[in-house]
Amino acid sequence: MSEVNQRSRLHLNPPSNSSDLTSTQTWTHTPSLDSPCANGVMVYMSYLSKTELLTFKELLMEKKFLPDSLGITWQQLYRANWAEVVHLLVEYLPGALAWNVAREILEKMNQRRICSLLQEELEDILPTLEPMDSCLRKTPLSLTKEERDNIREYKRLVMGKNFLVCDSTVWPGNQADFLYINVRNHEAILPCLFLPRSPQGRQPKIVVVHGIPSIGKTTLARKTMLMWAHNEFYAHKFKFAFYFHCRELNWVGERSFSELIEGQGLRSQALVSKILSRPDQLLLLLDGFEELTSSLITRPAHLVEDWNQKLPGAVLLSSLLSKRMLPEATLLIMVRPTSWRGVKVLVKHPSHVTLTGFRRTETLNYLRLYFKDRMKRNQVLDFAMTNTIVLSMCRVPVVCWMVCRCLRKVMQKMVNLTEACPNATSLCVLYLATLFPTICKKLSGSNYQKQLEGVCRLAAEGVWDLKSVFDKTDFQLVKVDEATIDAFLQVNILRKLEDQGDRYVFALFIFQEFFGALFYVLFFPQRIIYYHPLSQVCIQDLIAMSRSRENCETQMGLFLFGLLNEACAGIVMRSFKCRLALGNKRKAISVITLLNDYGCYDCSQLFPCLTEIGEESFVCSALESYQKVFLKLGSLKDLQLSAICLRRCRGLEKVELTLSRAFYQDLWPDSADPTPSTQLRENKIVFSWWEDICSVFESETNEDLEVLMVTDSILEALFIQIVTTTLQKPQFACCIKTLFRVLSENQHLRQLGAEHTKLGEEAVKSLCIALNHPRVFCSVLKNCEATFRDWILLTSSLQRNSHLKAVLLTASAPNIFGVKYLLLSYLRELMLENCNLTEDSCQEIAHSLSHSKLLTHLSLAENDLKDEGSRHIWNALKDLMCPLQRLVLRQCSLTSACCEYMTSPLKKNKSLQSLDLSFNRLMDKGVTLLCKALEDTDCNLLVLELEQCWFTSASCSTLASTLCRNRKLRYLDLSKNIIRIKGMLTLALEFFRYGRAEEVLLSKKSNKSLDMYTRLKGPEVEGDHLKIVEDWNSCYHNML
């Protein structure tokens, strides 16, 4: 693999001319969740071209930077990729020496930009690097000629066992049309598996490779072993490597680990002892945890250090995983999500890598290679691009092959693909249908339905119990006989495990998922209930499973909803010669309605199921009661499913939308589809989905829709352009309505906002257009990013907006010029919470506030205003032109000194009725000063919030006296202060003394979090009594 290809696979962005490193271009490496380079050190070494890396190696060898005692040969160094070179440097050159050596060589190569990146990393990592003496490594293990011959023979054996990894007819059953294509991102993983990680700069001792069934974990492990045998995988580090499948540990009785190693092909016990005496040079690959029959041991007392001690398989494996045995060895662990639950309690400080299978472009490329005829190829590509659930399933290479095989058979019959394959489930049905004639011949007609039920029951119970390996007893419990097992083995639906006796698995896990779903739609006329009913909880779990496929569990739920589609059910009955009952269909609608009643607005789990069932009447009935939806768009699949289902939502009142970075990566992948015509067709499809999303916000579609929130999103210019500029091109004339244009035309939308969102220039312009609509009264921007220029653009537009009444900004930084624009606008309510305002900003804020004419509510909460900054605000309150009713200075770093400045403003300002000073250190002195202002008859405060202001019972006497004189105050928050029982008694006695006890109502402080708008509006005043809110125990409530 070329270094250029490696860089592209790692999502690195090197400059166009690698020798010119003086430009200001910023290089970034953005590790994804499945990135093997996450937290890796010296990742910038990947920027070197193949020729430059070779020069680096030559200089490293020529200058003799590596100790001769290590025995590193030029052949080993020549074959090393960039990550292995980094590993070699960090592993054998202690502390900062590895970085110093690399910098010296790079300077000789005139790689100035990489040198600067190296220096930045070294300064950052230097304090956490391990001590020098712990980095020194032992000399290589000394072997006799006979032992070296044994190792070479073992490597030849490994090559023979793993050679078929690269065969073009690996699976299934050596089918001639199976195209084995290396998964690109899997190829990028291998070099980086043991890249040293920050902050210690050490190689991970445990690497866990996660992946769903059939995604390629075992293939990756076998390829690792093959590369090791060819001295092409960390040859300087791992002198010995062994692959173990957990089925090998299911022995009866006890064996030692040394015996297990000897059984791998090493004929010498002495050689095994030498190997295990140097575990720092040992790599162990562990796979197939789903086939382990015994539970792992988690109690430390039961774990063993001695590799010569005979142990049960589960104890031996647990000792290895926990590092009790061979702690210096390196482990590479392959696990399914379900198996990881049992493994993770044993492994400590692992590094994680996730295999994700084919990307969308790779899947489309596979389809293009499979279908040679151009007309058929275009038909298949159009079908796949409009079925994102199918494309998602095709991430698994063998499933991609199955889909191709089914589509080819369908097209041979000259029928429409969409009609013949109504959903993704039907493709699985059509593939299995080619195998079932053999099964039907093997089984008698009267016994066939019962045997099919038994296989389906076994599959379903296995999914629920997280079980994929079955023995004869399991088949007997569901009354499946030997003839049925043989029939399913013959057609490769079941597979018998090697050297495991009578133990079986479904050849593909997708088969177990499908037959598990089929169990719940089979028809049994002899029973009172003629199908197997699902409980409400089970249906909820199956809906949740349909979404969590990428990270966990199964898609049995997706298949169940697919089988509930009447067209798909018809294919099953014709193909499998069985009757189906769709009684669970009615139950599914009631469960989906209940999910809405429970407030489950996240539709990312529900929409795949509704799309798979694909029936208009069902989807409309299921979504009829939905008024709020939460959409997470992380892929084109999410976009299509949302487009399909949202069109059926007619009573929406609130939509919360998330556009993640993953969505952009899926929309514009790092390597675009090489065929322009394919990309053009796909663009049209994507635009039509976006138009469907936009149609939800049209007045005619959802008359009650009032709130749109955009959260955790990145509204970059490229995205805005694709929904504004690109859609207006002539070839997309039918799709010219963009999201923001539709929003501006919506006659009912009243609140528009964005949360955790990056706003680009185009997004800001479009947002301004949408906010100019007369019906929109409130805009919410929480934790949003924008440039200085874009904030000015937005706030200046808001200043001229005469319709908008409220703007709520929190955890955003609009700059002081933007704040001035907002204060001088037509706004009635303004929140500037946690917006990086300081005491230096307050003079400008006060000046603008004094010229505001309409403002009634202002929040400057969670800004570091300090006492001197607040002084400007208080002075402005004396002569305000606006009818300000509420001021929030919550958590503004105020002390008792600020209370001296507020006395006069509270007397002079006649409109201010609500004041929040919570979470400021006012102390007893500050509360006493505040009481003086409250005692004045000109003070019109109705609401005063003093939560956690650090005052004690010492100020309660003054406070009680003030409250008895001030009859205007209606709400007082005293929670989270240090007044205790003594303060409570003081208040109670004063109220009794002044005859006011019956006018005071004590109320327990609610722990319920308030939304931004409610915080800005403040507590509601009810009746003529004084409501004191506190957090005392309820036993004190009767003291008044």
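**A strand in the middle**

Val207 stands opposite Leu332 in S4. Before going on, this is a predicted model, in which local features need pLDDT of at least 70 and side-chain atom pairs count only at pLDDT 80 or more, while totals for chains, interfaces and linings use all residues. Residues are numbered from 1 along each chain as its sequence is written, and side-chain values use heavy atoms, with hydrogens and water left out.

Back to the pair. Val207 and Leu332 face each other across two strands that run parallel, S1 (residues 206–210) and S4, joined by five bridges. Two strands count as paired if DSSP finds at least two bridges between them. Helices (H or I, at least four residues) and strands (E, at least two) are DSSP runs, numbered from the N terminus.

S4 also runs parallel to strand S3 (residues 282–287), with four bridges joining them. Here Leu283 has Thr330 of S4 as its bridge partner. S3, helix H13 (residues 313–321) and S4 form a right-handed β-α-β unit. Right-handed means that, with the strands pointing away from the viewer, the path from the first strand over the helix to the second runs clockwise.

How many residues of strand S4 are buried? Six of the six residues of S4, which spans residues 330–335, are buried, so the strand is largely enclosed by the rest of the structure. Buried means under 20% relative accessible area, exposed means over 50%, and partly exposed is in between, with a 1.4 Å probe and protein chains only. In a regular strand the side chains alternate between the two faces of the sheet. For S4, Thr330, Leu332 and Met334 are buried on one side, and Leu331, Ile333 and Val335 are buried on the other.

**The chain as a whole**

The chain has 1040 residues, of which 57% count as buried. Its secondary structure comes to 46 helices and 24 strands. Contact means heavy atoms within 4.5 Å. Among contacts in the chain with a separation of 6 or more, 80% are between residues 24 or more positions apart.

The largest nonpolar core has 242 residues, and Phe257, Phe515 and Leu518 have the most contacts inside it. Helix H18 (residues 397–412) gives the most to this core, with eleven residues. Apart from it lies another core, of 79 residues, including Leu771 and Leu894. A nonpolar core here is a set of buried Ala, Val, Leu, Ile, Met, Phe, Trp, Tyr and Cys residues joined through side-chain atoms within 4.5 Å. Leaving out residues up to four places away in sequence, Phe257 touches a list of residues including Phe244, Leu284, Trp307 and Leu316.

S6 pairs with S8 (residues 503–506) over two bridges, in the antiparallel sense. Phe470 stands opposite Tyr504 in S8.

Phe470 is also one of the residues that Gln512 touches, along with Ala459, Lys467 and Phe506, among others. Gln512 lies in helix H25 (residues 509–518). Is Gln512 buried or exposed? Gln512 counts as buried because its relative accessibility is 1%. A polar atom of its side chain lies 3.0 Å from the backbone oxygen of Lys467.

**Some backbone exceptions**

Most residues other than glycine have a negative phi, and most peptide bonds are trans. Ser198 and Pro199 are joined by a cis peptide bond, with omega about 10 degrees. Pro199 sits in the loop between helix H9 (184–192) and S1.

Ser214 is not a glycine, yet has a positive phi of about 70 degrees. This serine is in the loop between S1 and helix H10 (217–229), and counts as partly exposed because its relative accessibility is 34%. Asn836 has a positive phi too, near 65 degrees. Asn836 lies in the loop between strand S17 (829–833) and helix H40 (842–850), and at 58% relative accessibility it counts as exposed.

**Where to be careful**

pLDDT is the predictor's confidence in each residue, from 0 to 100. The mean for the chain is 81, and 82% of its residues reach 70 or more. Residues 1–34 stay under 50, and residues 132–136 stay under 50 as well. Where pLDDT is low, the predicted coordinates should not be read in detail.

Technical notes:
A polar contact is a pair of N or O atoms within 3.5 Å; within protein, one must be able to donate a hydrogen and the other to accept it, and residues adjacent in sequence count only if both atoms are side-chain atoms.
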